[in-house]
Amino acid sequence: MNSVELFEQLDFQVNRQFEQVIEDLSEQKFCIVDQFFSLEEVEILRTALLEKYEEDQFKKSAIGNKTNEAIEKTIRGDFILWINEAEQNETEKLFFTKINELVNYLNRTCFMGILHKEFHYAVYPKGTFYKRHLDTFQNDSRRKLSMVCYFNDETWQKENGGELVIYKENTTEEIIYPMPGRMVIFESQFLEHEVKPVQFDKRLSITGWLKTR
Ligand code: OGA
Ligand code: MN
């Protein structure tokens, strides 16, 4: 009996997309999933994000230690809004349903022990970027996996910039365009990465971390 047959006997639904995530993570410490969110879902989430942004709910991001704002601007220029899962609205429910499906799968199949999550909306206005960094720089070693989901619209072009560049362990670079519906997941403790300058009005995303105890 192979593992698929075994899972079927155990009434466990094998999810091919999630299996690919697990395989890619174990082979290269990152994974790109296109159409993780459908274009309809992207539009719903983008509209909700922009509404909050226009209501001025976002704050200039910080880099953990208390440097002054001028220095921070040379490191990262995005604006963020943390999402409280306990107070999720309908749109955020759509988001967390999908995320939790993946988290539950990882916990069940890989014993990942993901107990906590933290997510924020992010807007990168034209001209902003996030210099090369590691997501555990804030001394938060509980961050195991970083996730980024993009909510730009279908007209997003490569020329708009804002590429996510992942510096791989073999010293080559992976260049990832922030295409709508795309989700990127990578090991927070190992992979340095950066967001290249945005050449367009706004780059929209939700970023988060899956954390252990
Ligand atoms: C971050 C980050 C990547 C991206 O917020 O820490 O690296 O593509 N984001 O937005
Ligand atoms: Mn990062």
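Me: How much space lies in the largest pocket, and what makes a space a pocket?
Reply: About 340 Å³ lies in the largest pocket of this predicted model, a volume being the space filled by probe spheres set on grid points joined across faces, edges and corners. A pocket is an open set of points, on a 1 Å grid over the protein atoms alone, where a 1.4 Å probe fits, with protein on both sides within 12 Å along at least five of seven lines. Local features need pLDDT of at least 70, but totals for linings use all residues. Residues are numbered from 1 along each chain.

Me: What makes a residue part of the lining, and which ones lie nearest the centre of the largest pocket?
Reply: A lining residue has an atom within 4 Å of a point. The largest pocket has 28 such residues, and Arg76, His120, Tyr130, Thr207 and Trp209 lie nearest its centre. E6 (143-150) gives the largest share of this lining, five residues; strands (E) are DSSP runs of at least two residues, numbered from the N terminus.

Me: Why is strand E4 called largely enclosed?
Reply: Buried means under 20% relative accessible area (1.4 Å probe, protein chains only). Eight of the ten residues of E4 are buried, so E4 is largely enclosed by the rest of the structure.

Me: How do you know that E4 pairs with E3 and with E11?
Reply: Two strands pair if DSSP finds at least two bridges between them. E3 and E4 have five bridges and are antiparallel, with Leu81 opposite Tyr121 in E4. E4 and E11 also run antiparallel, joined by ten bridges, and His120 stands opposite Thr207 in E11.

Technical notes:
Chains lettered and ligands numbered in written order. Predicted model: local features only at pLDDT ≥ 70, side-chain atom pairs only at ≥ 80, totals over all residues. Heavy atoms only, no water. Helix = DSSP H or I, 4+ residues; strand = E, 2+ residues; numbered from the N terminus. Buried < 20%, exposed > 50% of the residue type's maximum accessible area, 1.4 Å probe, protein only.
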